[in-house]
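Biologist: Hi! Could you walk me through a couple of spots in this protein?

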Amino acid sequence: MYGWWPSFQHFSIPGSHPAAVSEDLASVEAHARMNWKVLRKSPVVGEQVDGEWVVAYRVDRDGLHRQKTSQRRRYDNARRGGSQGTLADLPPLSSDELFVATVDLDAGEAAIDAGPVSEYRSAAEKWVERIPVEASLAAVFGYDSDRSVLAVRGEADLQGRLHAYLTSIGHTVVRHRIRTTDDVELFTDLYDETRDVLIEVKNDVQRQTLRMALGQILDYQRYVNAASSAVLVPVQPAGEMIALLGQYGVDVVWPHGAGFVSDSHVPWLAR
């Protein structure tokens, strides 16, 4: 038996039930793709083994991704009441959103009375919202107290250049406004919707700057969960820092001629 949850966070809550179940894995995947819409998180497919739900797959844009054993153990342990680790908390849910019925896909439209399940849809839009890139380009002087006007202006220029380039090759590019569970508002710099890439922009390649960029991406990804991520900088950084970012799956991108290049020649930059 297979079932799907809106995210790893939902699966990891002890006692939560799947949105739909079936003996047929393809039916579960299809139902997840048609009905999933939670915080840009990837749906999760679980498998029932000896009466217990365990993580099996993540639903990606190009198919089902089999989770590594170490990853599966982490989520399965959390579901059994163990540590949640770095899993992002869910926004508060209303009582109506806590109680849904699990759909039995093998029984047509019939539903199983599964009791409480931690799924929500209407609340999601309150926490992660896509906004136009132009909203930041028009306000380049809205900076933190520890950053200079020149740094912010430089980042806005870089942001604008990559936005214009990606748009010119047919990509849809936006940003995210994130409201965290501790009521903090965060903004991502760029998000390539066409290729599902989260991009953080920095105006220099100093070690402390790139370390900050890495931390921001790891933080944002808990909410956005993009397929890939990158840091946009004005020039190619030192190899050591490229290696550090690469260790966490983060590409490094910088301007080159009329376009952009990266350390790993990422295909989403190609015309």
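Predicted model: local features only at pLDDT ≥ 70, side-chain atom pairs only at ≥ 80, totals over all residues.

Biologist: Great! Where does Asp 192 lie?
Modeller: Asp 192 is in strand β11, residues 190-192. Strands here are DSSP runs of E, at least two residues, and helices are runs of H or I, at least four, numbered from the N terminus.

Biologist: And what do the side chains of Asp 192 and His 171 do?
Modeller: They are joined by a polar contact of 2.7 Å. That term means a pair of N or O atoms within 3.5 Å; within protein, one must be able to donate a hydrogen and the other to accept it, and residues adjacent in sequence count only if both atoms are side-chain atoms. The Asp 192 side chain also reaches the backbone nitrogen of Thr 194, at 3.0 Å.

Biologist: New topic: which residues of helix α3 are buried?
Modeller: In α3 (residues 69-79), they are Arg 72, Tyr 75, Asp 76, Ala 78 and Arg 79. Those residues cover an arc of only 160° around the axis, so they sit on the same side of α3. The arc is that of the directions from the helix axis to the C-beta atoms. Buried means under 20% relative accessible area, exposed over 50%, and partly exposed in between (1.4 Å probe, protein chains only).

Biologist: Which residues are exposed on the other side of α3?
Modeller: Ser 70 and Arg 73 are exposed there.

Note on methods: Residues numbered from 1 in each chain as written. Heavy atoms only, no water.
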